[in-house]
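Reader: I've never read a protein model before. Could you walk me through this one, one feature at a time?

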Amino acid sequence: MTANGNFPKKESGSRVTRRSFLSQIGAAGMVATAAPLIVRAEPAAAPPPVTFPATTEPIENAMSVTLVVNGKSSKVSIDPRTTLLDALRESIGLTGTKKGCDHGQCGACTVHVNGQRINSCLTLAIMHEGDEITTIEGLGDAANLHPMQAAFLEHDGYQCGYCTSGQIMSAVALLKEPCGPGDGDVKELMSGNICRCGAYPNIVAAIQQVRHRA
Amino acid sequence: MEPFSYIRATAASQATQAAMDHDVRLIAGGTTLLDLMKLDVERPGTLVDINRIGLDGIEKMPNGTLRIGALVRNSALAHHPVVQSDYSVLSQALLAGASAQLRNMATTGGNLLQRTRCMYFRNTAMACNKRAPGSGCSAIEGDNRSLAILGTSKDCIATNPSDMNVALTALEAVITVEGSKGKRDISIADFYLLPGNTPHIETVLARGDLITYVTLPPPRPKAQHVYLKLRDRASYEFALSSAAIVAEVLDGKFSFIRVALGGVGTRPWRSHEAESALLHRSAEPESFRRASVDALREARPQSENAFKIELTKRCIAHALTLATRNA
């Protein structure tokens with residue numbers, strides 16, 4: 001931070017992002033192989049999909065289920081105990097949906113099922129054969145943000161960011177639900193999403209902006 | 001969570017047959033059951049998924065009643081135009097409960113069977129007669145601030161946590177059940193059991209029973225509906241005390257009155273005492289005060305929840321004030 005309290009203006013083309021910095025560290029670790037350092041050009045490309053090594057041991061009592069997530073069908077083999085949240089994160093590799101309390105109390109795991117927001121930690125993946133599931137990854141991408149994602153950016157609707165995907169999924173669902181015009185109405189319908197950093201005023205401002213522009 | 005086998009039912013009959021096994025639990029919204037399974041409070045050997053057996057409609061019947069399918073979600077029920085216009089106390093109660101996400105999941109039948117939030121019931125390390133019959137009640141000597149003051153016993157003081165059930169009690173709903181004894185209708189007044197010395201038996205449901213419908217009596221066009229919920233937070237919190245009121249006032253006097261309480265009873269609490277104190281009496285503060293006193297006459301507070309007596313009196317009086325402000 002500079003003396004006048006402002007962050008330095010970013011210079012396009014030369015900005016070192018956290019991601020590119022980390023990728024340099026990673027590459028530097030292999031410098032003995034004389035691999036060239038790769039500095040990503042801006043804007044940063046979307047992160048590569050997270051992949052997990054194939055399970056080596058078979059899952060006991062595994063069941064097969066086809067989950068339609070963000071318009072894409074995935075057939076996964078899971079223990080029946082697997083929650084929808086765990087299937088999204090661990091089986092399909094979509095880690096944008098977060099696990100907070102794992103008991104339906106915090107809202108970090110909010111996704112849409114057939115257009116309605118739910119807590120993905122309190123439902124079993126096996127119960128959702130054929131349902132249309134939307135996660136934060138299905139809303140938009142870095143180059144083409146959903147208006148709610150853009151509004152959260154504009155209004156600084158987060159601090160640590162852990163609750164943010166759940167907040168945004170709830171906020172997008174709210175747009176189609178009966179909701180009065182006031183900030184109090186928005187707060188009431190967002191009460192299932194807890195933000196430990198306390199970004200609530202900015203979250204409400206972001207949602208109200210999207211509602212007013214709709 | 002303990003391992004279980006999973007079966008997806010496609011018809012009600014399939015569910016009722018499977019549920020004859022003592023080790024089976026039916027799962028609909030799952031918001032109570034999976035929560036308790038993660039805590040090892042519930043450990044079913046088999047889960048039968050009833051989400052694809054239908055029973056998800058709301059229908060106005062020829063005799064004027066409203067028949068609600070057991071799998072209608074709480075949000076769909078709360079926002080249904082007939083429920084909003086004719087049974088507003090139910091809509092208000094549903095929207096005062098849980099969060100928008102949970103209301104999209106929780107079902108009408110599931111909410112009827114919602115389990116207590118008593119922290120000792122939810123913790124397998126603690127004694128609890130409801131979870132482990134005969135083990136004792138940790139709550140009576142423990143942290144009982146949120147627990148019941150009406151309908152308690154020396155073995156259990158757990159509160160029924162539902163808002164919906166309080167409104168359904170004031171509306172005198174009828175619960176239709178299918179099972180080994182065939183199809184039968186049970187008045188909500190007869191559905192829940194007091195804990196007594198068998199707090200693990202919470203309803204009159206028998207093994208293999210499936211709730212199929214909840215039916216509301218024909219609407220009362222002149223009735224005022226109020227659900228007032230008092231709690232530690234403004235939203236997303238269980239009731240410390242709540243009151244559901246359905247009231248008709250004619251010439252300044254109550255010509256019809258139903259009062260049910262939440263957050264204070266071991267079951268959704270119909271207050272016949274409050275109703276008797278109000279019927280044919282003037283709709284004014286002195287009547288409300290007398291009704292509140294009568295409603296709490298049998299209250300038995302524990303070490304930390306005596307405040308609920310005064311809170312509930314004020315809850316009833318204020319709910320009656322709201323229900324009669326245009327009378």
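Predicted model: local features only at pLDDT ≥ 70, side-chain atom pairs only at ≥ 80, totals over all residues.

Reader: How many helices and strands does chain A have?

Author: Helices (H or I, at least four residues) and strands (E, at least two) are DSSP runs, numbered from the N terminus. Chain A has six helices and five strands. Along its sequence they come as α-β-β-α-β-β-β-α-α-α-α.

Reader: What share of chain A is buried?

Author: Count the other C-beta atoms within 10 Å of a residue's own, with C-beta atoms placed from the backbone: 20 or more is buried, 12 or fewer is exposed, and in between is partly exposed. Of the 214 residues in chain A, 34% are buried.

Reader: Which residues of helix 3 of chain A are buried?

Author: They are A:Met148, A:Gln149, A:Ala151 and A:Phe152. Look down the axis of helix 3 of chain A and take the directions from that axis to the C-beta atoms. The buried residues fall within an arc of 160 degrees, so they line one face of the helix. On the face turned away from that buried side you'll find the exposed residues A:Leu153 and A:Glu154.

Reader: What covers the buried residues of that helix?

Author: The cover includes helix 4 and helix 6 (200-213) of chain A. This rests on contacts: two residues are in contact if their C-beta atoms, placed from the backbone, lie within 7 Å.

Reader: How many residues of helix 5 of chain B are buried?

Author: Seven of its eight residues are buried, so helix 5 of chain B is largely enclosed by the rest of the structure. Among them are B:Val89, B:Leu90 and B:Leu94. Their cover includes helix 3 (74-78), helix 4 (81-86), helix 6, helix 8 (164-170), strand 9 and strand 10 of chain B.

Reader: In what order do the strands of the four-stranded sheet in chain B run?

Author: Two strands pair if DSSP finds at least two bridges between them. This open sheet has the order 9-10-11-12, with antiparallel pairing. Strand 9 (224-230) and strand 12 (269-270) of chain B are at the edges with a single partner strand each, so one side of each has no neighbour in the sheet. Strand 11 (residues 253-262) of chain B pairs with strand 12 of chain B over two bridges. One bridge joins B:Ala260 to B:Arg270.

Reader: Which strands does helix 12 of chain B touch?

Author: Helix 12 (residues 307-323) of chain B packs on the sheet and touches strand 9, strand 10 and strand 11 of chain B. Its direction makes about 35 degrees with that of strand 10 of chain B. For such angles, axes are lines fitted to C-alpha atoms, for helices over the stretch in contact, and angles run from 0 to 180 degrees between N-to-C directions.

Reader: How many residues of chain B are in contact with chain A?

Author: 21 residues of chain B are in contact with 25 residues of chain A. Helix 6 of chain B gives the largest share of the chain B side, five residues.

Definitions and conventions:
Residues numbered from 1 in each chain as written. Chains lettered and ligands numbered in written order.
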